[in-house]
Amino acid sequence: MDDTKSPPKVLVAGAAGFLGSNLVDLLLETGYTVIGLDNFQSGSSQNLSHLENNPRHGIQDPLPELEGIDQIYNLACPASPVHYQKDPVSTLNTCFLGTQNLLDLARSKNIRILHTSTSG
């Protein structure tokens, strides 16, 4: 990363999960500014306790106004049969509506999105 520029600001959806929280830590160590977004359906808020800005918000709902985002990483989706069976409609909505909301945000800001999921 070029030290003369301000660090990129990245939105990580699903930041409180195992993969998301490890990605957040790697990005922070690399010098990125990170906004972690999660509804804590299956992730743990403790995984985000070290972030300054970690809104409790599900991506199924309209996203809050987030300024200055340069990239989006989507890792949001409950990833175990226990969570699917507990609330299968919410799992589907996270996978479909959540991805649509993030894609709309990326399009509106003309930025890249990385979508990866263990589900859906």
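Helices here are DSSP runs of H or I with at least four residues, strands are runs of E with at least two, and both are numbered from the N terminus. This is a predicted model, in which local features need pLDDT of at least 70 and side-chain atom pairs count only at pLDDT 80 or more, while totals for chains, interfaces and linings use all residues. Residues are numbered from 1 along each chain as its sequence is written, and side-chain values use heavy atoms, leaving out hydrogens and water.

Let us start with the overall picture. The chain contains 3 helices and 4 strands, and reading from the N terminus their order is β-α-β-β-α-α-β. Of its 120 residues, 39% are buried (buried means under 20% relative accessible area, exposed over 50%, and partly exposed in between, with a 1.4 Å probe and protein chains only). Among contacts with a separation of 6 or more, 66% join residues 24 or more positions apart; a contact here means heavy atoms within 4.5 Å.

Now for a loop worth a visit. Asp38 sits between β2 (33-37) and β3 (71-74), and with 8% relative accessibility Asp38 is buried. Its side chain makes polar contacts, meaning pairs of N or O atoms within 3.5 Å; within protein, one must be able to donate a hydrogen and the other to accept it, and residues adjacent in sequence count only if both atoms are side-chain atoms. The table lists the partners.

| Side chain | Backbone nitrogen | Distance |
|---|---|---|
| Asp38 | Ala15 | 3.3 Å |
| Asp38 | Ala16 | 2.9 Å |

Moving on to helix α3 (residues 88-109), we find Arg107 and Asp104 there, 3 residues apart, about one turn of the helix. Side chains of opposite charge can pair when their charged atoms come close. The side chains of Arg107 and Asp104 form a salt bridge at 3.7 Å, N to O, where the term means a side-chain nitrogen of Lys or Arg within 4 Å of a carboxyl oxygen of Asp or Glu. The structure holds 1 salt bridge. Arg107 is exposed at 62% relative accessible area, whereas Asp104 is partly exposed at 32%.

Most residues other than glycine have a negative phi. Asn110 is exposed, at 71% relative accessibility.
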